[in-house]
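Let's take a walk through this one together. Have the viewer open and follow along as we go.

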Amino acid sequence: MKKNILENLQLFLLPALAIFTVLILFFVFFIPRLRQVFEQRGKILKQDEEIRRLTQKYSELSTLSEAELWENSDLLSNALPSQKDFYQLLSVIRKICLENGVNIEAFELAPGVISATASSIPAEKTEKVPNMTVKVVFSSSFENLKNVLLKFEEILPLMEVVSVKYEPSLRDSGSFIYSRGEMTIKSYFLPLPLKMGTFDQPLVKITAADQKLIEKLKTFQRVTPEASFEGETVVGRENPFSF
Amino acid sequence: MKVKIKKLSINLIAQAAQDRILLLKIKKILWRAAIACVCIFVSLLLLIILALFLFDRQIKLKQEKISLLKKQINSFEKVESLLVSVVDKVKGAEVVLPGRPGYGESVSNLASLLVPGFNLGELEVSVEGKIKMSGNFNDVQSLTNFNARLEEIKSKKLYSKVFYPSVNRALSGKYNIELNLER
């Protein structure tokens, strides 16, 4: 009887073993490979998406004019300098005032940290457009003051006269020739962005509104600080404190 | 007359032989199942290996294309950084420019107020468009002229509030005024 059972089992052993082996191989080998196939398919889809994005970015980049961008970048760097350059600010204010017959007698400003550039200013700690304020004591006629106020509205770097206090000190029977006043001027600067564009990010675009603003800024007068005093041999920077 | 015939099933094969045949039948089915399993498994395996091979090749090719595109984009690095910087600064300028008060109108209005015979005492113009001024007039005619100009400015409706905090006549005969204009 026992021999009979063993004999019968021997009959089924081989096919059963084959089925069992296939089942084992299915779970051990086949399923991980199948998973790998799906993973690779997902990877291909991701690559397709990346290729689409990169191709689009490449075609957009190739249509841009480097010369025009240089020009705009130069203009905008003039409008909003990357660094808090108080020397430049004072020089520009002085130049504009002198050109319009306003005599600066004193100034007061608190530049704060001037070494702060894009890499050292954490984004969350900065204002949207950081600024620096300078208080200027001046003497001028009302006409000249009027001209200066209007001039500050159309120059680069962008400045804003926050307040003006004007007090005629020299009166000549009703006319005020040279009077003294105080002007608070706000100057803006904008550090360079921390990220200058990566492959993964889509290309930023200059919109029609941006273009309009650039065109508007082009009409503004660029004021560059004077490089040197006439007749002097300048070594290093001009002294901004010598008004 | 119908005769009922009873069917009898007679198997002359021995019981042991019958069992043996059944076992052999089961064995045959099992073998077929095993062969089918192996065949299906092998074909699926071949398909998967083929798919893996093709996908792998595709991934490599696409990766090469991506690398090439990145290289091409990299050659425009300067252009891109310029563009980012331009857009960033434009956004900054968009914040600054509309917020800036225009002094053009204020100063031209002020200039029109400076009539002969008016001595400006103090003038304050703030960023919100507020104008505070004080001064004195040599005579009543100057004050009348000043008022006429002020009426003109009022009619333009540029200021929401126009008021005199004080107007007085000094012993010297001069008229002192304080005037506030608010946008």
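How many residues does the contact take from chain A, and how many from chain B? Chain A puts in 87 residues and chain B puts in 72 residues. Keep in mind as you look around that this is a predicted model.

Stay with that interface for a moment. Together, chain A and chain B bury about 7,500 Å², and 76% of that area lies on carbon and sulfur atoms. H1(A) gives the most, with 31 residues. Sort that side of chain A by residue type and you get 53 nonpolar, 16 polar and 18 charged residues. As for salt bridges, the count between chain A and chain B is four.

Next, chain A by itself. You'll find five helices and eight strands in chain A, and along the sequence they run α-α-α-β-β-α-β-β-β-β-β-α-β. Of its 243 residues, 39% count as buried. If you take the contacts in chain A between residues at least 6 apart in sequence, 82% of them join residues at least 24 apart.

At the start of H3(A), a side-chain oxygen of A:Asp85 comes to within 3.3 Å of the backbone nitrogen of A:Tyr87. After the helix comes A:Gly101, with a positive phi near 75 degrees.

Is H3(A) mostly covered or mostly open? Mostly covered: eleven of its 14 residues are buried. Among them are A:Leu89, A:Leu90, A:Val92, A:Ile93 and A:Ile96, but also A:Arg94 and A:Lys95. The buried residues of H3(A) pack against several parts of chain A, including strand S1 (103–109), strand S2 (131–140), helix H4 (142–152) and strand S7 (179–188).

Two of those partners deserve a visit. H4(A) is largely enclosed by the rest of the structure, because eight of its eleven residues are buried. The buried set of H4(A) includes A:Phe142, A:Leu145, A:Val148, A:Leu149 and A:Phe152, along with A:Lys146 and A:Lys151. Over in strand S7 of chain A sits A:Ser187. Its relative accessibility is 8%, so A:Ser187 counts as buried. Setting aside neighbours within four places in sequence, A:Ser187 is in contact with A:Leu89, A:Pro130, A:Asn131, A:Met132, A:Leu158 and A:Met159.

Last stop, chain B. Find B:Asn180 in strand S4 of that chain, residues 175–182. Why does B:Asn180 count as buried? Because its relative accessible area is 13%, and buried means under 20%. Leaving out residues up to four places away in sequence, B:Asn180 touches B:Ile131, B:Lys132, B:Lys161, B:Val162, B:Phe163 and B:Pro165.

Note on methods
Residues are numbered from 1 along each chain as its sequence is written. Chains are lettered from A and ligands numbered from 1 in the order in which they are written. This is a predicted model: local features need pLDDT of at least 70, side-chain atom pairs count only at pLDDT 80 or more; totals for chains, interfaces and linings use all residues. Side-chain values use heavy atoms; hydrogens and water are left out. Buried means under 20% relative accessible area, exposed over 50%, partly exposed in between (1.4 Å probe, protein chains only). Helices (H or I, at least four residues) and strands (E, at least two) are DSSP runs, numbered from the N terminus. Contact means heavy atoms within 4.5 Å. A polar contact is a pair of N or O atoms within 3.5 Å; within protein, one must be able to donate a hydrogen and the other to accept it, and residues adjacent in sequence count only if both atoms are side-chain atoms. Buried area is the accessible area (1.4 Å probe) that two parts lose on being put together, summed over both. A salt bridge is a side-chain nitrogen of Lys or Arg within 4 Å of a carboxyl oxygen of Asp or Glu. Ala, Val, Leu, Ile, Met, Phe, Trp, Tyr, Cys and Pro count as nonpolar, Asp, Glu, Lys and Arg as charged, and the others, Gly among them, as polar.
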